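Q: Could you take a close look at one part of this predicted model and describe how its side chains are placed?

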Amino acid sequence: LLRKYLHVLLSFTEMGLAFAGMWINAFLVCVLCIAWVKKKTLNSNEKILLLLGCSRFWHLCISWVYSFLSIIYPNYLYVHTIIQLIVSFQTFLNYSHLWFSACLCVFYCIKIANFRNRFFIYLKVKIDRIVPWLLLGSGILASAVSIIIYDLAESDSNNLNFTCLGNFLEASVRMDKHFFSSFFLMGFGYAASFMAVIFSALFLLFSLWRHKRKMQTNSRNNLSMDAHIRAMKSILSFLVMYSINFICLILTIIYVNKNENTMILLISIYLNAFPGVHSLILIFGNPKLEKALLKILCYVKCKFFMK
């Protein structure tokens, strides 16, 4: 009984964090859409942030719905069509926000790092034209993986008895075991995007080290140094996100085999918390977004104290 109450408590915590993350990413998307309407265009950085915010918003939205159903209507999750749709949509959105964040890291690296290599100079000149193709490729890749996961879910779910009204926890463990093969495909996607982030961080760090050696006291060099440092902060936050996400994937595989649903829920809590927290870091790292957020907080504070 205690374990059941703990499971419900963790599920409510997961729902709360997902709901908070939805609002943070909704704010990010709204500010960028308003800027898009006003300026009639978006720069490459804003395009990536917009798609990243959208993918994270819907990812957290589906996670919230899944957590809600797992508490209120757990048997609905084992209807053949519903579980397939949830798995495929979650896979598409999860891959999308991972690859969009990897695109943002690559963009920061190419835009800010300074190298005399001809190919790197070519990329720096053409980066604004390359970004839409990177985003399109990320979306196509995420769609392809989600279709494969959908087929795996269809073939594996045929082995399950969806009319069984047994213990929900035991059923969920059996479900996760049938989707074990999908973890390997997800791991490949994590690893590929993780490598893009690592190389971006290394190149930018090396560029920062070279620039620091050649730095002079004029304002232009100081501004370049500040740009390097801001980009490094963003990329390092991505690096932390990818590292912990990859660890969580491995831990999920381990604890699914051990029937440890409590640990799986704790991992899910982190996975639902981090998109919101990381988007908040990106907001405070962007002067325009930070200014808009502070205006809203100031407005809410004034309204609250006026009452």
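A: What follows looks at one glutamate and its surroundings, and then at aromatic pairs. In this predicted model, glutamate 46 is found in helix 2, which spans residues 44-72, and it counts as buried because its relative accessible area is 4%, under the 20% that sets the limit for that class. The side chain of glutamate 46 makes a polar contact with the side chain of lysine 39, at 3.2 Å. When neighbours within four places in sequence are left aside, the residues in contact with glutamate 46 are Leu32, Lys39 and Lys288. Cysteine 33, which lies in helix 1 (residues 2-39), is 13 residues from glutamate 46 in sequence and 9.6 Å from it in space, taken C-alpha to C-alpha; with a relative accessibility of 31%, cysteine 33 counts as partly exposed.

Turning to the aromatic rings, the structure holds four aromatic pairs. One of them joins phenylalanine 19 and tryptophan 23, whose ring centres are 6.2 Å apart and whose planes stand at 75°, so the pair is edge-to-face. Both of these residues, phenylalanine 19 and tryptophan 23, lie in helix 1, four residues apart, which is about one turn of the helix. Phenylalanine 19 is partly exposed, at a relative accessible area of 41%, whereas tryptophan 23 counts as exposed at 57% relative accessibility. In the pair formed by phenylalanine 107 and tyrosine 108, the ring centres are 6.2 Å apart and the planes are at 50°, so this pair is tilted. Phenylalanine 107 is buried, with a relative accessible area of 7%, and tyrosine 108 also counts as buried, at 14% relative accessibility.

How values were computed: Residues are numbered from 1 along each chain as its sequence is written. This is a predicted model: local features need pLDDT of at least 70, side-chain atom pairs count only at pLDDT 80 or more; totals for chains, interfaces and linings use all residues. Side-chain values use heavy atoms; hydrogens and water are left out. Helices (H or I, at least four residues) and strands (E, at least two) are DSSP runs, numbered from the N terminus. Buried means under 20% relative accessible area, exposed over 50%, partly exposed in between (1.4 Å probe, protein chains only). A polar contact is a pair of N or O atoms within 3.5 Å; within protein, one must be able to donate a hydrogen and the other to accept it, and residues adjacent in sequence count only if both atoms are side-chain atoms. Contact means heavy atoms within 4.5 Å. Rings of Phe, Tyr and Trp (its six-membered ring) pair if their centres lie within 6.5 Å; planes under 30 degrees apart count as stacked, over 60 as edge-to-face and the rest as tilted.
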